[in-house]
Amino acid sequence: MPAAAISLAVLMVGAALIHLRDNEYPAIAVNLVLLALALFVAFERIGPEAL
């Protein structure tokens, strides 16, 4: 189970919400990129072809 990737994805959602609240829009873009990468890793590790 890719616990690290899932945990990072949850952390990035929280970070994006904090940046949104503080109107720090460029930082949200960074959080969304990291979120997408973490979700990709988690999906590839959990997916049907994962060993």
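**View 1. L35 in helix α2**. The place of L35 is in helix α2, where helices are DSSP runs of H or I with at least four residues, strands are DSSP runs of E with at least two, and both are numbered from the N terminus. This is a predicted model, in which local features need pLDDT of at least 70 and side-chain atom pairs count only at pLDDT 80 or more, whereas totals for chains, interfaces and linings use all residues. Residues are numbered from 1 along each chain as its sequence is written, and side-chain values use heavy atoms, with hydrogens and water left out. L35 has a relative accessible area of 16% and is therefore buried, a word that stands for under 20% relative accessible area, while exposed stands for over 50% and partly exposed for values in between (1.4 Å probe, protein chains only). When residues up to four places away in sequence are not counted, L35 touches A9, M12 and V13, contact meaning heavy atoms within 4.5 Å. Between the C-alpha atoms of L35 and A16, which are 19 residues apart along the chain, the separation is 9.4 Å.

**View 2. The buried and exposed sides of α2**. Helix α2 has 22 residues, and the distance from its first C-alpha to its last is 31 Å, close to the 32 Å expected at 1.5 Å a residue; the expected span of a helix is taken as 1.5 Å times one less than its number of residues. The buried residues of α2 are I28, N31, L35, A38 and A42. Because these residues cover an arc of only 90° around the axis, they lie on the same side of α2, the arc being that of the directions from the helix axis to the C-beta atoms. The buried residues of α2 pack against α1, whereas the face turned away from the buried side of α2 carries the exposed residues P26, V33 and F40.

**View 3. N31 and its contacts**. N31 is found in helix α2, which runs over residues 25-46, and with a relative accessible area of 7% this residue is buried. Leaving aside neighbours within four places in sequence, N31 is in contact with M12, A15, A16 and H19.

**View 4. Helix α1 and A16 on its buried face**. The 19 residues of α1 should span 27 Å at 1.5 Å a residue, and the end C-alpha atoms of this helix are 27 Å apart, which agrees. In α1, A5, A9, M12 and A16 are buried. Seen down the axis of α1, these buried residues fall within an arc of 60°, so they line one face of the helix. They pack against α2, while on the other side of α1 the residues A4, V10, L11, L17 and R21 are exposed. A16, at 12% relative accessibility, counts as buried and, leaving aside its neighbours within four places in sequence, is in contact with I28 and N31. A16 and L37 are 21 residues apart in sequence, and the distance between their C-alpha atoms is 15 Å.

**View 5. The salt bridge of R21 and D22, with N23 in the loop**. The structure holds one salt bridge, defined as a side-chain nitrogen of Lys or Arg within 4 Å of a carboxyl oxygen of Asp or Glu. In this salt bridge the side chains of R21 and D22 meet at 3.6 Å, N to O. Side chains of opposite charge can pair when their charged atoms come close. R21 counts as exposed at 60% relative accessibility, and D22 is partly exposed, with a relative accessible area of 39%. N23 is found in the loop between α1 and α2 and, just after α1, takes a positive phi of about 60°, although N23 is not a glycine. With a relative accessible area of 51%, N23 is exposed.

**View 6. A nonpolar surface patch that includes V10**. M1, I6, V10 and I46 make a nonpolar surface patch of about 450 Å². Patches are made of residues with over 30% relative accessible area and no salt bridge, like charges being joined within 9 Å and nonpolar side chains (Val, Leu, Ile, Met, Phe, Trp, Tyr) within 5 Å. Accessible areas come from the Shrake-Rupley method with a 1.4 Å probe, and for residues only the protein chains shown count as cover. V10 is found in helix α1, residues 3-21, and at 58% relative accessibility V10 counts as exposed.
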